[in-house]
Amino acid sequence: MGFKNGHGIWESPMTEGAILAMKNGPHAEYVKELEKLRGEKLAHQMLNSMNLMIFPNLAVAHGQLRVIRPISVDKTEVSIHFYDLEQVPENYNEFRMSGYQRFFGPAAFGSPDDVEIFSINQTGLQAEEVEWLILSRGLQREKLDNQGVRTGDPTDETPQRAFHRAWKHFMTNGS
Amino acid sequence: MIKREKAEDFLYMEARLIDQRNFCDWLELFTKDGIYWLPINENSKPNDHLSLIYDDDLRRRERVRRLALSPPSQAPFSRTLHVVSNVEVVAGNDDHDVVLHSVQMVYEIRGGDDRQFELGDARIFAARAEHRLRLHDTNWKIVLKRMVLLNRHIPIPNLTFII
């Protein structure tokens, strides 16, 4: 989802099968506690994979807070802050931290590949022939409601478009 | 105990296996419960503070397997050269027989297309290494390999090779 003020939400719902697997896995107790505390419907929504982008420089994603600080035209600092959850079984925070260490950080299995691609993108962006950054994925199926909220599918670039739309607004006639 | 000369032989052999990219044999140097650890805060327990690497047997094998798949961060792959120095031998305890302290300088370079950012630049990683070893039959095995990097508190670009 993308909002008028530049905020964005990316959400990928858990399938019933995935919830069932979690209920029968090593973190069954966590799911049970969450259902008891928040009700089944909200609890399952809370288990979804969700990224929240708060315009212009804060993100809540993958159990982390990310603060984005532009330094110069070709340098941006992204600081990642991992946190524990309170009042959850101890093995659940250990599981989160272990998964986090597996994917994020300079020696992990996920983000170094992203960083590599970002750096290749930076090289590519120095090309002068292409003036446009293409962010049109899913544009044809984006829905706009009367509150100005746009909704797309999980693979669409709806949140990215919201960001750039707001940026353009504030950089031209916005106040 | 182990004589310092033998301890040095062991560390040189481990360094050579890594530098020759013989990661399958490197994996076999560890015990089944062995840990490969690059802490950020070396005074914290691994459960209390995030680490750059905290690999048990399964994750260590996954790391080696991923290197063979040439992910973007390792295409082209890193060539490394370990210089091992300042070796000391300390008595162990019930869990491990000896502890080896050493200082390691690791030179890393990714060759390839120099139009790509940072490719072809040589990087030096300085680390204080701790190896806890256990004797299995006649072979020394690694119970813990802990590398405390000198630059662990500042941003480190990709560290996707075996150090």
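Colleague: How many of the 175 residues of chain A count as buried, as a percentage?
Modeller: This is a predicted model, and in it 14% of the 175 residues of chain A count as buried.

Colleague: OK, and what secondary structure does chain A have?
Modeller: Six helices and seven strands. Starting at the N terminus, the order is β-α-α-α-β-β-β-β-α-α-β-β-α.

Colleague: What box do the C-alpha atoms of chain A fill?
Modeller: Roughly 55 × 45 × 30 Å, taken along the principal axes.

Colleague: Switching to cores. Which residues have the most contacts inside the largest nonpolar one?
Modeller: Leu38(B), Ala127(B), Met147(B) and Ile163(B), in a core of 18 residues.

Colleague: And which elements give two or more residues to that core?
Modeller: On chain B, strand 1 (30-39), strand 2 (51-55), strand 5 (122-136) and strand 6 (139-149).

Colleague: What does Ala127(B) touch, leaving out residues up to four places away in sequence?
Modeller: Gln104(B), Val106(B), Met147(B), Val148(B), Leu149(B) and Leu150(B). There's also a second, separate core of nine residues, with Phe10(B), Val98(B), Trp140(B) and Ile142(B) among them.

Colleague: Now the contact between the chains. How many residues does each chain put in?
Modeller: Chain B has 20 residues in it and chain A has 18.

Colleague: Which element of chain B gives the largest share of the side that touches chain A?
Modeller: Strand 2 of chain B, with four residues. Helix 3 (57-68) of chain B also supplies at least two.

Colleague: How do the residues on that side of chain B divide into nonpolar, polar and charged?
Modeller: Eleven are nonpolar, six polar and three charged.

Conventions: Residues numbered from 1 in each chain as written. Chains lettered and ligands numbered in written order. Predicted model: local features only at pLDDT ≥ 70, side-chain atom pairs only at ≥ 80, totals over all residues. Buried ≥ 20, exposed ≤ 12 C-beta atoms within 10 Å, placed from the backbone. Core = buried A, V, L, I, M, F, W, Y, C linked by C-beta atoms within 7 Å. Contact = placed C-beta atoms within 7 Å. Nonpolar A, V, L, I, M, F, W, Y, C, P; charged D, E, K, R; others polar.
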